[in-house]
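Work through the exercises below with the structure open. Each task is followed by its solution in steps.

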Amino acid sequence: MRSGRTKALVGVVAGLLAGLGAANSARADDWSQAGGEGERRGASGETLAPGLVPLWSAPGTSAETRAGVAFSDGVLLTVDVVGRARAFAADAGTLLWERALGAAAAGTPLAASGRAVIPLADGRVFCLALESGSTLWTAGAAGPSAEGPALALADGRVFLLRGFPERRLVAVDLVSGATRWERALPELSYAPPAVGDDLVVLGADDGVYRAFAPASGADLWSYPSGGRVLFSGASLDASAAYLLPGGEEAALHRVGRSAADWANNWTLPLPDPSPPGPAGALLSAKVSAATPAVGAGRAVCVVRVDSTLDEAEPWGIADRYVSRERVYVIDPAARSVVWSAELAGYDGSSLSGIPPYGRCPQAIVVDGASPFVVLASSAEARVQLRSLADGAVLAESVFPGQRWAALASPALANTRLALVTARGAVRCFALSGNVAPQAPVPDWNDGAQHDAQGQEVRWTPGADPDDALAATSTMLRLDRDGEVLIDWEYELVVSGTDRATLPALPSDVVFAARLRSRDAKGAYSPWSEQRSLAVALAPAPPTALRLERTAPTELELSWQPSPSSWVAGYRVLARPLDGGPSTGPVDVGPATRALLGDLREGTRYELSVRAYSTLGRESSPALLEATPQAPIHVNGQPFFSLWDAVAAAQSSGGEVQLGAGSYLLDRELVLVGGAVLRGAGPHRTRLVGAGSGVGLRALPGAGDEEVLVRDLGLRDLGTAALAASGARLRLRNVLVHDVEEGVAGEAGSSLVLERVTVAYATRGARLDGAVLDLDHSLLVRNELGVACAGGAEVRARFSSLMENRLGDLEGCVLEGDDLDLRARFLDPEARDLRVEPGSPTVDAGDPAASPDEEPSPNGERLNLGAFAGTPWAATSPPRLSGGGGCALSGGCPRGSALALLVLLGGLLLLRRRS
């Protein structure tokens, strides 16, 4: 990820082999810069044997090349003086990318953490993605400069030396390119800085080496060497800085890293053992020096002396040029030269045969059972492997007619040694003693999902002919943006196994993963192919599910979000508890509310809300039961539950007002004396049960108050309405049908059915010591009209008990009027129990009673039944004459109807006779 966060080493399994451990304190992570690391020791921790086997070569560009190469993450990086950068696969030499940066480049680039940092001679620095060459950041501005900035990398910072003409040292962040600090320098400097944890050491043209604090650039100390520092940097070991300036003569200086340790400083001259030419012919001799290499208890110094002679005539005019390159191996403990040897040279009449002044390749020290040193000549394209003990030549390779690039210190990583010629040709050798492992192969499918934390991933180790699996460590890197080399979130290192337990990854984040093995002798494999994986955990369910609104076929609900951060959305399902088809699931995305429509009115639903993740895992459900129904209000306040509304009304003295629609009575609704339950019409507001149980239960109140239920219908119940002992229950304009019992009264209770229709019940009423008053009501088409016991009383006023199959009354005698009128309903099969206009129950009520809201013509008399006195009452039938009389379709008192029939029959008989 391209961010400033710290890379996390989340797990290192103990037991890394000794070959990967303490003896390799100087080992670089690959060979990321000249000298291998920021301290520039030029030491390799790989266990190798001397031997040079050509592996591959790449042709040069058409431009001169001065800079050396860098190895990192299996990529080899070069750049020529016109700013053309090239990246090769280090194992096979395949060109990965090539890019022209638009300005000359001279300094050796960096390659680390998936990044290529390239200095240009105009003062700019480019940071490119190592595997693709795309730009990540640039630093600096174009301007005049004799040399490109020299670079060093340590602790996530790139240290840029801007020499001529700026004289500045700048620290920038490797990830972002942001400047952390900068400071002016008192003298010109060209040599790359050496950077340790506690200091940055920089040599200047005046021969003074200066140390700065790496975190701030503050001055620490300065050391005058007496020489001239061109391109030879310091080399740092655990306790000292090794300095090898050039100039008039060569001398190695050991300086304590802290000025407090300077009592142990020393200087060791490195004289030329055999100056060229006869006495008096030498006009000048200039010393070029390489950065010292420090390792295996030795310091290796490469020095070149370039001499100008006048041998033909003593006129002081140069006619001979001699360049001799020499290696000195020093024992720092003894402060003495162990051995020295000449590497290469030039002796001729052309100045062009002399290598560039000040530039000399650094050696590489290879530790092990028989340490050796890798030496590259600046005078010709020669590379030698010599014994560190005595200087014996162990292997050599020469490319006749070529010369190594002026700053082309060799680079050694993963058993491969690489150099670049002055014309940009890359030469790569394999060293003996080890074969780098091949890349491991991930043993999971791309996009694999793990349903729990801490699960295991496996891989197939790459072939490694000289190291067993047990001698190999494997690095696993994970990152969410797919660039695990540029930056990463997790890095896990395990040893001696082909599997690893994943760290606690965040759920629903797809991580790119790559593997790399390292054998016991210190060589890395290439990186594996990239595969992705993810942990896909079920999120926690949402909470606080609540109903927001109901309508006859709709429910609106809301909830609190799931606490899981990886939730992508929510799915809502409505499942009817009667076993009917479900509605949904409805995907509402990240919203925390849902509107469910096309539901069945009055049906109880189980509502479930599940959170789902971006990878498709679902939470357990948050559940709520609700019924689509019309609104319920008490004193203007809405309620979603009949029971809550009744409780609120009874505490406040308000009336429960129901809208038009069906309300599910899946448990009895208890009403205490004084309660009022009002609907929107006998056929418009329906209280529907499940076929059993009590629907409404009336209990006595504090005084003599009655329970009033009006303007609604009751159906599909065991007992539609029950008056408990001592209670008073009044039903007004109520339609009751398809129940076991229409109404029931316990001992001492009283029931008033005012304008009520009870039909299609097993018993229209059951009374046990109760009193039932029927007022303009119909108890018709039931199995039994009224069943009485315990001295129950039934009183009727302008009511009709008729067509009850087993009888109108059982166990009691009716007091008052039973009009015995047959009710004709509009559609009894569909349970539309409104009466027809011609029904005998129309205009059959008390002549003194107002018809209330019955539509005209209404005969100015009430009808009977649930719709009497309402806008849905049947209208009066047409009259025989303009005056009074009864309608032809019925509705007259029983005697008047008989007289009318006799009259009609007589008229028909007279017509036949005539």
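A residue counts as exposed when its relative accessible area is over 50%, as buried when that area is under 20%, and as partly exposed in between. The model is predicted.

**Exercise 1.** Classify Asp-219 by its relative accessible area, then do so for Arg-183.

Solution. Step 1: Asp-219 has a relative accessible area of 55%. The cut-off for exposed is over 50%, so Asp-219 is exposed. Step 2: Arg-183 has 21%, so Arg-183 is partly exposed. Step 3: the two side chains meet in a salt bridge, 2.7 Å from N to O. This pair links distant parts of the chain, with Arg-183 in strand E15 (residues 179–184) and Asp-219 in strand E19 (residues 219–224), 36 residues apart.

**Exercise 2.** Find the N to O distance between the side chains of Arg-549 and Glu-554 and decide what contact they form.

Solution. Step 1: the distance is 3.1 Å. Step 2: the limit for a salt bridge is within 4 Å, so the pair Arg-549 and Glu-554 is a salt bridge. Step 3: Arg-549 is partly exposed at 33%, and Glu-554 is partly exposed at 25%.

**Exercise 3.** State whether Asp-711 and Arg-710 are buried or exposed, and describe their contact.

Solution. Step 1: Asp-711 and Arg-710 are both buried. Step 2: they form a salt bridge whose closest N and O atoms are 2.7 Å apart. Step 3: salt bridges with shared partners also join Asp-704, Glu-706, Arg-728, Arg-730, Arg-732 and Glu-754 into one network.

**Exercise 4.** How many salt bridges does the model contain?

Solution. Applying the 4 Å limit gives 64 salt bridges.

Technical notes:
Residues numbered from 1 in each chain as written. Predicted model: local features only at pLDDT ≥ 70, side-chain atom pairs only at ≥ 80, totals over all residues. Heavy atoms only, no water. Helix = DSSP H or I, 4+ residues; strand = E, 2+ residues; numbered from the N terminus. Buried < 20%, exposed > 50% of the residue type's maximum accessible area, 1.4 Å probe, protein only.
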